[in-house]
Amino acid sequence: MKLQQKNSERLLLWILVGALSLGQLGRFSLSSGVTLYPHDILIVFWTGWLLALNNSTLSAAAFKTYTATKHWHPFILIAALTTALALTTTFSLVPLLYLARVSVHLTFAWALARFSKLTPNHYLVGGLGLVSITALIGFLQLVFIPDTRFLSVLGFDDHYYRMIGTQLDPAFMGALFLLGLVTIIAARPIIKHRLLSGGLLLLFTLGVLLTFSRASYLGLIIFWIYWLTSLKLQKTIYLGISVTVAILATYGVLSVSHIGGEGTKLLRTSSIAARAATVSHSLPQSEQELLIGTGLYTSAINDSETQLRVTVVPNQARVDDSLVLFILTGTGLWGLIAFGHALVVTVKQLNKKHARLTLLLLGILFVITQFNNTLLQPFVLVSSLLVFLGLSKEYR
């Protein structure tokens, strides 16, 4: 029975990898503001199956998790109260649907951690497969469809000579590459050939560079500082030279060929100005909003469309760019304080367990998600949870 479940879950894992690789190409809209992806359906099925198989031990497992995560309870309670209060004045299903999706994804990760027969190595291999497929599609897109400015009519940002892949956004592509880089380190016992692991390191690094996402560059710097300082001097010099050559080659080709637009200029200020305007618009407008917030995801209610010249197009970016700003506007200062306390406790617990790669990935995600709210993007969130499950062998 256990072997049969394990084989079934391996199949489900690779179906999930394929569904996640589709990215935004697999989206379908049920109505205005309600979008589903193939991986959502698969996750609901997989989670329900695991819970049904283990219904006899479900209560005990849930209680154990409840007590282990008690430092998160104040934030969850504040978030629930502020969102409920906001919906009593302006009710909408949109915030509830967003929260439901995040809850389903977290429940899925919990069900896998508690009841799945898959090992951490299965998740690591699945993560590498996902990022490798994403990288392949991304390079093909950059070669054959470098000008993706036409996507603006669908509500996505327009990009020119930047890798966006199936995510249709360079920042989210960069986040997936960063997940892949951390996964390579964790999967070293699985990857027998040094040439393969070294090639993947350079491939994913080059992928990050070609996104021209400055937030992803910060994450890349954090990764390489950790990785190079953990190696012997000879390997550090070798990898340092290789990465430097990859960086110089990337920007050398772009400068010689005179290709690229505003998005490939690292000193560009247009995106900074746009984010500054978004932040100023999203900041609490009263003392009440500052203290208790306006509810999670309530900002998505009125942001379903954007005026583009004379055309009204869908708005795909419907939450605050920064995770901290998202929590502040949604739950107020009390929620932000509760979130910060819970995060610090979590970091201390992981540090006691010497979960260095988990802390590395958590640090990278926390940094880059202050610029694009990357962690809460559906594909990045599910992919991150899979990699975290793979890294759990550090402290099991």
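Colleague: Let's start with handedness: is the crossing of α8 and α9 left-handed or right-handed?

Modeller: The α8 and α9 crossing is left-handed. Bear in mind that this is a predicted model.

Colleague: What makes α8 roughly antiparallel to α9?

Modeller: The axes of α8 (residues 194-211) and α9 (residues 214-229) cross at roughly 155° and come within 9 Å. Angles over 145 degrees count as roughly antiparallel, so α8 is roughly antiparallel to α9.

Colleague: And which residues in α8 and α9 meet?

Modeller: From α8 you have L201, T205, V208, L209 and T211, and they meet S216, Y217, L220, F223, W224 and W227 of α9. Sorted by class, the contact of α8 with α9 has eight nonpolar residues, three polar ones and no charged ones.

Colleague: Why are α13 and α14 described as roughly antiparallel?

Modeller: Here the axes of α13 (residues 323-352) and α14 cross at roughly 165° and come within 12 Å. The cut-off is again over 145 degrees, and α13 and α14 are therefore roughly antiparallel to each other. As for handedness, α13 passes α14 in a left-handed crossing.

Colleague: What does the contact of α13 with α14 look like by class?

Modeller: On the α13 side, L323, V324, L343, V347, L350 and N351 take part, meeting T358, L359, L362, F366, T369 and Q370 in α14. By class, that contact of α13 with α14 comes to eight nonpolar, four polar and no charged residues.

Colleague: How do you know that T374 counts as buried?

Modeller: Buried means under 20% relative accessible area. T374 counts as buried because its relative accessibility is 1%. T374 is in the loop between α14 (356-372) and α15 (378-391). Leaving out residues up to four places away in sequence, T374 touches A171, F172, A175, I368, T369 and V380.

Colleague: What about N372, buried or exposed?

Modeller: N372 has 16% relative accessibility, so N372 counts as buried against the under 20% cut-off. N372 belongs to helix α14. N372 and F172 are 200 residues apart in sequence, yet their C-alpha atoms are 8.4 Å apart in space.

Colleague: Now the salt bridges. How many does the structure hold?

Modeller: There are two salt bridges.

Colleague: Why is the D40 and R101 pair called a salt bridge?

Modeller: The label needs a side-chain nitrogen of Lys or Arg within 4 Å of a carboxyl oxygen of Asp or Glu. For D40 and R101, the closest N and O atoms are 3.1 Å apart, and the pair forms a salt bridge. D40 lies in helix α2 (residues 38-53) and R101 in helix α5 (residues 93-115), so the pair ties together parts that are 61 residues apart in sequence. D40 is also buried, because its relative accessible area is 9% and buried means under 20%.

Colleague: And what makes R149 and D147 a salt bridge?

Modeller: Again the limit is within 4 Å, and the side chains of R149 and D147 meet at 2.6 Å, N to O.

Colleague: Why are R149 and D147 called partly exposed?

Modeller: Partly exposed is what sits between the buried limit of under 20% and the exposed limit of over 50%. R149 has a relative accessible area of 41%, so R149 is partly exposed. D147 has 29%, so D147 is partly exposed too.

Key:
Residues are numbered from 1 along each chain as its sequence is written. This is a predicted model: local features need pLDDT of at least 70, side-chain atom pairs count only at pLDDT 80 or more; totals for chains, interfaces and linings use all residues. Side-chain values use heavy atoms; hydrogens and water are left out. Axes are lines fitted to C-alpha atoms, for helices over the stretch in contact, and angles run from 0 to 180 degrees between N-to-C directions. Helices (H or I, at least four residues) and strands (E, at least two) are DSSP runs, numbered from the N terminus. Angles under 35 degrees count as roughly parallel, over 145 as roughly antiparallel, 65 to 115 as roughly perpendicular and the rest as oblique. A crossing is left-handed if the near helix is turned anticlockwise from the far one by less than a right angle, and right-handed if clockwise. Contact means heavy atoms within 4.5 Å. Ala, Val, Leu, Ile, Met, Phe, Trp, Tyr, Cys and Pro count as nonpolar, Asp, Glu, Lys and Arg as charged, and the others, Gly among them, as polar. Buried means under 20% relative accessible area, exposed over 50%, partly exposed in between (1.4 Å probe, protein chains only).
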